[in-house]
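Dear colleague,

Here is the structure that I promised to pass on, and my notes on it follow below. Please read them with the model open beside you.

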Amino acid sequence: MMPSMFLVHQKFSCAAINDIAGEVSRAFTQAALQCEIKAGQKIAVAVGSRGIANISTIVRCAINELKRLGADPFIVPAMGSHGGATAAGQTKVLASLGITAEQTGVPVVSSMEVILLGQTQDGVPVYLDKSAAEAEGIFLINRIKPHTDFDAPVESGLIKMIAIGLAKHKGCVAIHAHGLAKYIPQAADIVINKTNIIGGLAIIENSREKTEQLEVIRGSQLIRREPELLAKAKKLMARLPFQQLDLLIVRTMGKTISGTGMDTNVIGRQRVEGLPEPGNIAIKRIVVLDLMDDSYGNALGIGLADFTTQKLVDKIDFKTMYANVISTGYLERGKIPIYLSTEQKTIETALKTIGPVKPQDAHICVIRNTLEMEELVVSASLLPAIQKQDNLEVIQEIGPLSFSDKGVMQLFFGN
């Protein structure tokens, strides 16, 4: 017997930028980059692969600002081993984000070729995209946010893009093998000292994954400024309002949701060998039902779940996923969990494994994905916890979990 479920609204920060072009222009003006750029200067604009709100508009506006300053920009993918660790694959990833030569008005130069810039004090090699290295300057565009593998003053953002994104597959493997938290800052410092990092456009998103802040940082200020922006991003990050669950059902996972398919900061699982799991979230079972089409078969992070569906497994491009998984060294994240033929069988089987708790008494939460958590569907047993939190509002009762004749979960989200 399934418990009665309730639609719950989670209140998040709603401050967002409406005029992206105007804010990008303001950010460039405030940074006064005209002192750094010469007329006709070839500048490699590094763009990553993560799901970032308004990314195509932000990139186009940044390129227009660089042109206004007299630069001659071109785009380079800065995404490590993503896109199947191939030049064509990385071009395809950018195109899926609306970033092409036709849409931006500048060339997209995609190559996996790198040069060796040097090495850290411990002998870790530091690589850089050859096209970027040969440019007269480098400009970075990326979102600042918590990383899914570690906690440190510098996590995911412009500095990581320098150390890993622009280092392509070869550099990605090298840094992951030795330790991200320690060697990302060291590798980035070497690149900054040996090349002309003009600056970067830092993006911060609110809890609704909307653009809240855009700031251009000069290259010489990156190491100092990024930790300050990361602290703000962590405060804004959307999280589950519950620390203990019997079952979390994630409708979709994917690379545009998180580098790990499901954000580890949300689900409380990292599955990194040698590191303890985060202690503040305890979820007995995680079910993920589907893979987003724009992941192009890359289901890295599927190993964070306990159960999944045949439908999801059939969408996996194992060559692409394995290229990403192996380069990180976090093999647990690429292992396929127990999978069943339908969503109904998957959820019902997961509920049989939560221990002595009866399904009607279980703490169950359903989310669209680990980015969009303004709306949750929760079981009746969680209502007492909801009533204690001012940022949660019960919208309506929607009845027990139900399924179609084909075993597809029928679930009502408000919008």
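Helices here are DSSP runs of H or I with at least four residues, strands are runs of E with at least two, and both are numbered from the N terminus. Just after one such run, helix H12, Gly329 takes a positive phi of about 85 degrees.

Before going further, please note that this is a predicted model, in which local features need pLDDT of at least 70 and side-chain atom pairs count only at pLDDT 80 or more, while totals for chains, interfaces and linings use all residues. Residues are numbered from 1 along each chain as its sequence is written, and side-chain values use heavy atoms, with hydrogens and water left out.

I begin with H12. At the start of this helix, a side-chain oxygen of Asp317 reaches to within 3.2 Å of the backbone nitrogen of Lys319. Helix H12 (residues 318–328) packs with helix H7 (residues 168–178) at an angle of about 45 degrees, and their axes are 7 Å apart; the axes are lines fitted to C-alpha atoms, for helices over the stretch in contact, and the angles run from 0 to 180 degrees between N-to-C directions. That makes H7 oblique to H12, given that angles under 35 degrees count as roughly parallel, over 145 as roughly antiparallel, 65 to 115 as roughly perpendicular and the rest as oblique. From H7, His169, Cys172, Val173 and His176 make the contact, and from H12, Ala323, Ser327 and Thr328, where contact means heavy atoms within 4.5 Å.

Which residues of H12 are buried? They are Thr320, Met321, Ala323, Asn324, Val325, Ser327 and Thr328, with buried meaning under 20% relative accessible area, exposed over 50% and partly exposed in between (1.4 Å probe, protein chains only). The buried residues of H12 pack against H7.

H6 is mostly covered, since eight of its eight residues are buried.

Two single residues complete these notes. Glu209 sits in the loop between strand S7 (197–205) and strand S8 (211–218), and at 14% relative accessibility Glu209 counts as buried. Its side chain makes a polar contact with the side chain of Arg143 (2.9 Å); a polar contact is a pair of N or O atoms within 3.5 Å, where within protein one must be able to donate a hydrogen and the other to accept it, and residues adjacent in sequence count only if both atoms are side-chain atoms. Ile63, in helix H2 (residues 55–68), is buried with a relative accessible area of 0%.

With best wishes
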